[in-house]
Amino acid sequence: MRFQRISLQNFKPYADADLDLRDGVTVIHGLNGSGKSSLLEACFFALYGARALDETLDDVVTTGEDEAEVTLSFVHEGETYRIERRLRRTGDRMQTAACTLSGPDVEIDGATDVREFVAGLLRMDAEAFVNCAYVRQGEVNKLINATPAQRQDTIDDLLQLGKLEAYRERAGQARLGVEDVLNRKRELLSDRESRIEAKEEAGLHDRLNDLETELSTVDDEIERFEENRDRAEETLADAKEILGDYEETKSEIESLESDIAKLEETIESDESTRENLRDEIVETREAIDELDATLDDVVAETALDGGASGVDTDALEDRRDALDAEESSVRDDLQQARQRQTMLSNQAEKLRERAEEFDSRAEEARDRATDAESSAEDAEARAENRASERDEVDSEIASIRERFGEAPVDPGSAAAHRDSIQSDLDDVRDELADARAELQTVRDRLEEAESLRQAGKCPECGQPVDGSPHVDAIGEYEARITELQGDLEALQERRDALESELETATSLAEAETRLANLEERRSLLDESVADAESTAEERRAEASSHREDAAEFEAEAEEKRDAAEAQADAATEASERVADLEAELERIESARDRLDRVEDLRERIADAESEIDRLRERRETIADRNDERREYLREKRERRDELAAEIDESRIQTARENKREAASYLDDVETKLRELRERRDELQNEIGGVRGSIEQLESLREDRDRIRERVERLASLHEEVSTLETTYGDLRAELRRRNVETLERMLNETFELVYGNDAYSRIRLDDEYDLTVFQKDGTALEPEQLSGGERALFNLSLRCAIYRLLAEGIEGSAPMPPLILDEPTVFLDSGHVSRLVDLVEEMRRLGVNQILIVSHDDELVAAADDLVTVEKDPTSNRSSVDRVGEASLAAVTAESDD
Ligand SMILES: Nc1ncnc2c1ncn2[C@@H]1O[C@H](COP(=O)(O)OP(=O)(O)OP(=O)(O)O)[C@@H](O)[C@H]1O
Ligand SMILES: [Zn+2]
């Protein structure tokens, strides 16, 4: 394994740094505190994280920065891997924001997984790496000062002997586990054996025999007592039957006697009922006599022949029919009388209404006549008004026509005449405006011509006046002005004449319009006068016709009133007749009431007589029933006497005694039987228990055999596991012995190489990893007793030896990480530095690909294949790395040669 490239961002003193690391020996040099160790730490941090450095994440990030990144590429067994760790501040703590490892066929995410993968890949955890490959500054004494046990652990781990120890421990644990189980099973076995012994001592079979014998005796006894009990039960039943019969007879006699008493009582009470009935009959008879007397009285009041005794049903019917006939005739008359009365008073009422109607119609006609008269008067007034208005219009028309007599036009052409004058006037005004405009223009020209002439220029063309043909123009202008002024005057006169003519024409046109309106108004007034006059005439005629109507209606009303009077008198007569007829009806009604009374009395008498018959019948029935009862009574008495004779007192006595004895025996025998059965149950339970115990004993024996077998198997397993445990132990001891021998040899070789002087003869590394250094004279020294420089060399030798052992001693590919030495020369004098250089070369020769050394020792610098300079900018306090090229390397080397 070797590093390829390390990139840093904000790692410790580095702000941003990149370094390619090559094969061979790379020496990193620079001033104290320039950041050399930090560079190596960065590689280690990339592989194993901050905890492996005994630092926190806050320690590794540049103070004051919130983010950092470290990327390491390395090659292992021909494959390239790359680890990237990114840190970020979260709150007030730095945290790993990302940690990934990528390689051929692997992508790993997460600090823990990456660390575990690296440890597996390199077969070294952080501690092993530190112990073998990375000698941190000031830690050169670590392995020397370690106890043999720590040293042993470290070296065993590196050589993978730790695994054998783990196997041995596992086998040991398995052995302990087996022992545990074995002991428990043994305890179980002895428990079963002692339980079996206890059960065997109890004599279970003898006990079972005794119990079974007793059980059969008890069963026999139960049978015997059950037979006796059955017999006693029979005797008891017989006695009970005899006694039951006796009780029955006795109760029959009793019931007969109560029947007899009841019958006697009933007969007596019925006899007394008969007495009462007889009394009732006598009373009823007396009531009939009274009714007969009353009937006589009523018949006497009625117009019936023959008196009470002579009245029969037919006579009563005849009388009733006569009354009915009489009533119906009276009712007919009454109805007729009522109808007549109603009719007459209705007629009177109607006639009165008609009279009123005629009155009101007369009133109405009078009102209409008055209305018509007043509207005739209105129309006459209107006609008069319109006529006077017409006179006024006529006079105005006459005056207008008079005006037109003097005028140049007739009515009808005045408007056209005015329009023609207006248009003449408009023409003259236009001409007037044109003449004025021309006059103004000529005057302007004249003025201009005169001013030009005064300036000596031609007034026409503005040229100098001498020789100009245009001086005559001024005279022309003046002639034109005079002409135009004459025209203007004539035009103004004409305009004034036209304006006055227009005034007259306009007033005539207005008079013409007024005349037309007046003539139209006059004809309307003519119509209106005619209308009003004819309306007045019509109204007058209407009024006289209404008055005639009113007189007629009044005469009619008088006539109707007289007729109404006559009908009212007739109605009064009719109502008198009605009253008479109603009195007649009342009389008939009371006659009929009397007839009802007679009939009622006759009915009541008949009822009383039939009641007497009924009572007599009841008396006879009761007598018959009592005869029957007397017969029953006799029969029951006979039966009672017979039963009394049947009873045998001595037999009953015996039965009573038997019953008593049997019952008491049954009580006793039940107790006895219960006791016996309880005993039998006890015995059966006990037998069950003994049998169960015997079965348990059997199963215990089986159990014991099974456990014994298991114990034997466990014992043999225990033996096997113990053997395995010892084998692992022995194997490790053997391997370790061999490793220790090799390691001791290599250590001596290396030590010889770096410290081949006269003082020390050899180093011993015993099986327990105890280190002893022997002086030439044979005295032994503890390594701690060596001087500082000696200890540093000794430690280096030990590490290189381990490294060699790793390289040679482990089957398969050894991890062979870069050998990293941080300030190894601190305690060394220059002679020993040369030896260190030899050691480094030797390690190269042994196949260590990459050796990284932090040092400012010139000799080591000279031995470098590659030189890296680390510098720290004193102002920014940030470090930077720089590779020194071949040339400068030579220069540095040459410099150091001086
Ligand atoms: N987290 C950090 N942030 C900034 N600077 C840091 C941080 N941790 C350490 N340093 C600085 O880095 C320097 C230590 O670097 P390092 O130990 O790598 O130096 P060196 O070159 O190995 O020195 P020496 O030759 O003395 O061993 C110190 O100056 C220290 O102040
Ligand atoms: Zn001119």
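**View 1. Helix α15 in the predicted model.** Helix α15 covers residues 830-845, 16 residues in total. From its first C-alpha to its last, α15 reaches 23 Å, close to the 22 Å expected at 1.5 Å a residue. Which residues of α15 are buried? They are H832, L836, V837, L839, V840 and M843. Seen down the axis of α15, these buried residues fall within an arc of 160°, so they line one face of the helix. The face turned away from this buried side carries exposed residues: S830, G831 and R845. Just after α15 comes G847, with a positive phi of about 110°.

**View 2. The crossing of α8 and α13.** Helix α8 spans residues 204-301, and helix α13 spans residues 649-755. Their axes come within 7 Å. They cross at roughly 160°. An angle over 145 degrees counts as roughly antiparallel, and α8 and α13 are therefore roughly antiparallel to each other. The crossing of α8 and α13 is left-handed. What kinds of residues make up the contact of α8 with α13? They divide into 26 nonpolar, five polar and 17 charged.

**View 3. The crossing of α8 and α12.** Helix α8 also meets α12. The axes of α8 and α12 come within 7 Å and cross at roughly 165°. The two helices are therefore roughly antiparallel to each other. In passing α12, α8 makes a left-handed crossing. The contact of α8 with α12 holds 25 nonpolar residues, six polar and 29 charged.

**View 4. The crossing of α11 and α12.** Helix α11 covers residues 414-454. Helix α12 covers residues 473-646. How closely do the axes of α11 and α12 come, and at what angle do they cross? They come within 7 Å and cross at roughly 160°. α11 and α12 are therefore roughly antiparallel to each other. Their crossing is left-handed. Residues of the contact of α11 with α12 divide into 23 nonpolar, five polar and 18 charged.

**View 5. E493 in helix α12.** E493 has its place in α12. Is E493 buried or exposed? With 11 other C-beta atoms within 10 Å, E493 is exposed, because a residue counts as exposed at 12 or fewer. E493 and V428 are 65 residues apart along the chain. Their C-alpha atoms are separated by 10.0 Å.

**View 6. N10 in strand β1.** Most residues other than glycine have a negative phi. N10 is not a glycine, yet its phi is positive, about 55°. N10 sits in strand β1, which spans residues 2-11. Is N10 buried or exposed? N10 counts as buried, with 21 C-beta neighbours inside 10 Å. The cut-off for a buried residue is 20 or more.

View 7. Phi of E823 is near 55°, a positive value in a residue other than glycine. How many C-beta neighbours does E823 have inside 10 Å? There are 19, so E823 counts as partly exposed.

Conventions:
Residues are numbered from 1 along each chain as its sequence is written. Chains are lettered from A and ligands numbered from 1 in the order in which they are written. This is a predicted model: local features need pLDDT of at least 70, side-chain atom pairs count only at pLDDT 80 or more; totals for chains, interfaces and linings use all residues. Helices (H or I, at least four residues) and strands (E, at least two) are DSSP runs, numbered from the N terminus. The expected span of a helix is 1.5 Å times one less than its number of residues. The arc is that of the directions from the helix axis to the C-beta atoms. Axes are lines fitted to C-alpha atoms, for helices over the stretch in contact, and angles run from 0 to 180 degrees between N-to-C directions. Angles under 35 degrees count as roughly parallel, over 145 as roughly antiparallel, 65 to 115 as roughly perpendicular and the rest as oblique. A crossing is left-handed if the near helix is turned anticlockwise from the far one by less than a right angle, and right-handed if clockwise. Ala, Val, Leu, Ile, Met, Phe, Trp, Tyr, Cys and Pro count as nonpolar, Asp, Glu, Lys and Arg as charged, and the others, Gly among them, as polar.
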